[in-house]
Amino acid sequence: MDQALLSHLRQALGESAVHTDPHTRELHSADALNPARAYHNPPSSAWKHPAVVVEPRSTEEVAHTVRLARRYRTPIVPFGGGTGVMGGTVSEQPAVIIDLKSM
């Protein structure tokens, strides 16, 4: 993860809304379609942890996060309740997960 991107995210959203700890990243690495249901033998590139999880509190903060991710050419993945069953919250690249529950 680009340290400049992390710094800009922390400035824009505040320290408490930007998470890089392993536990939070793991919680946001999949939805209801877990590896056991998705694949008999999951490919090695599947089910990776995101690089960072952000919790914006407004539409403006989401827009700012998207602009920053675009500037640093980093994928974004929206995360709602984590109840999807199609693997939609899984990124195969380091990504910014935008957790929308705080909105």
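1. The model is predicted. The chain contains four helices and four strands, and along the sequence these follow the order α-β-α-α-β-α-β-β.

2. Burial and contacts in the chain. Of the 103 residues, 36% count as buried. Among contacts with a separation of 6 or more, 67% join residues 24 or more positions apart.

3. Geometry of H1 and H4. Helix H1 covers residues 3-13 and helix H4 residues 59-71; their axes come within 10 Å of each other and cross at roughly 165 degrees. H1 is therefore roughly antiparallel to H4, since angles over 145 degrees are classed that way. The crossing of H1 past H4 is right-handed.

4. Residues between H1 and H4. On the H1 side the contact involves Leu 5, His 8, Leu 9, Ala 12 and Leu 13; on the H4 side it involves Glu 61, His 64, Thr 65, Leu 68, Ala 69 and Arg 71. By class, the residues of this contact are six nonpolar, three polar and two charged.

5. Salt bridges in general. Side chains of opposite charge can pair when their charged atoms come close. How many salt bridges does a search of the whole structure find? The search gives three, and they are taken in turn below.

6. Arg 10 and Glu 15. The closest N and O atoms of this salt bridge are 3.5 Å apart. Glu 15 counts as exposed because its relative accessibility is 58%, whereas Arg 10, at 24%, counts as partly exposed.

7. Arg 57 and Glu 61. These side chains form a salt bridge with an N to O distance of 3.3 Å. Arg 57 has a relative accessibility of 44% and so counts as partly exposed. Glu 61 counts as buried, because its relative accessibility is 16% and the cut-off for buried is under 20%. Glu 61 is also one of the H4 residues that meet H1.

8. Asp 99 and Lys 101. Here the N to O distance of the salt bridge is 3.0 Å. Is Asp 99 buried or exposed? Asp 99 is buried, with a relative accessible area of 2%.

Conventions:
Residues numbered from 1 in each chain as written. Predicted model: local features only at pLDDT ≥ 70, side-chain atom pairs only at ≥ 80, totals over all residues. Heavy atoms only, no water. Axes fitted to C-alpha atoms, helices over the stretch in contact; angles between N-to-C directions. Helix = DSSP H or I, 4+ residues; strand = E, 2+ residues; numbered from the N terminus. Parallel < 35°, antiparallel > 145°, perpendicular 65-115°, else oblique. Left-handed = near helix turned anticlockwise from the far one by under 90°. Contact = heavy atoms within 4.5 Å. Nonpolar A, V, L, I, M, F, W, Y, C, P; charged D, E, K, R; others polar. Salt bridge = Lys/Arg side-chain N within 4 Å of Asp/Glu carboxyl O. Buried < 20%, exposed > 50% of the residue type's maximum accessible area, 1.4 Å probe, protein only.
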